[in-house]
Amino acid sequence: MLERASPWRALLAAAALTLVPIGRIIAAPVLVVVLLGAILLVVSCCFAVARAREMQRNSVERVAHGLEHACIALLKKFGHHPIEGRTKNNTFVVGLRDSERATTAAVWQATQDAIRRIRNGQHDLAYTPRCGTSIMVRGLLTALAVGGGALACLVGGFTVPTVVGSLGAYIAARLLSYPLGLLIQHTMTVSTEFRSARVVNVESTPAKDNKATFLVSLEVIA
């Protein structure tokens, strides 16, 4: 979703408009829209940060979150096509595109395998840049960089320093988002430390639009 929004492209479009006289008049409202969009994204990310802090206090949910990631990684390795995953307390939901091949047995086995592998030290399975935590971090950094660039251009105009500075901030945000997102997962939303874990139940909902959804219930002792 962040990629589709492409606020940086809008900022570049505003810069290109200033190359022609009438473009300078059009660029200002474009920059205002970009700035407002960045502010809204920052606000939405703040709610996501609050959710991350809530997860930090729930060790069982953090373990289940890591097992969700590992289960999805293994399902993908086994030839399935995961398209979504979300965790709440000691349960997680997995959505698979290949509804005809997806079964509760396959999801059960992948979850059991995830538990075994993480217990045996394959902790990397529990962390992924596609996690909502990492997406939140990328969105927040991108919004700050693009919003700051739009504000700088509105106040100081499209000078070489403002354009170069804005571009540099955006590049830095993109480079930092990957390691920082994984760091936040490690410290706030995912845990690989548990005394025991087992699959209690796997339920499926009727497939729709070639998408199968499974609810995995766990018993976790952190």
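**Exercise 1. Decide whether Val 155 is buried or exposed.**

Solution. 
Step 1: Recall the classes. Buried means under 20% relative accessible area, exposed means over 50%, and partly exposed lies in between (1.4 Å probe, protein chains only).
Step 2: Read the value. Val 155 has a relative accessible area of 70%.
Step 3: Compare. Val 155 is therefore exposed.

A note on the source: this is a predicted model, in which local features need pLDDT of at least 70, side-chain atom pairs count only at pLDDT 80 or more, and totals for chains, interfaces and linings use all residues. Residues are numbered from 1 along each chain as its sequence is written, and side-chain values use heavy atoms, with hydrogens and water left out.

**Exercise 2. Find the helix that holds Val 155, and check the length of H6.**

Solution. 
Step 1: Val 155 is found in helix H6. Helices (H or I, at least four residues) and strands (E, at least two) are DSSP runs, numbered from the N terminus.
Step 2: Work out the expected span, which is 1.5 Å times one less than the number of residues.
Step 3: Look just past the helix. There Gly 157 takes a positive phi of about 85°.

**Exercise 3. Name the residues of the nonpolar surface patch, and say which helix gives the largest share.**

Solution. 
Step 1: Apply the rule. Patch residues have over 30% relative accessible area and no salt bridge; like charges are joined within 9 Å, and nonpolar side chains (Val, Leu, Ile, Met, Phe, Trp, Tyr) within 5 Å.
Step 2: List the members. They are Val 32, Leu 36, Ile 39, Val 43, Phe 47, Leu 151, Leu 154 and Val 155, and the patch covers about 750 Å².
Step 3: Assign them. Helix H3 (21-56) and helix H6 (132-156) each give two or more residues. H3 gives the largest share, five residues.

**Exercise 4. Which side chains meet Asp 113 in salt bridges?**

Solution. 
Step 1: Arg 116 meets Asp 113 at 2.3 Å, N to O. Both lie in helix H5 (residues 104-119), three residues apart, about one turn of the helix.
Step 2: Arg 117 meets Asp 113 at 3.1 Å, N to O. This pair also lies in H5, four residues apart.
Step 3: An α-helix has 3.6 residues a turn, so residues three or four places apart point the same way.
Step 4: Sort by accessibility. Asp 113 is buried at 7%, Arg 117 is buried at 14%, and Arg 116 is partly exposed at 42%.

Technical notes
Accessible areas come from the Shrake-Rupley method with a 1.4 Å probe; for residues, only the protein chains shown count as cover. A salt bridge is a side-chain nitrogen of Lys or Arg within 4 Å of a carboxyl oxygen of Asp or Glu.
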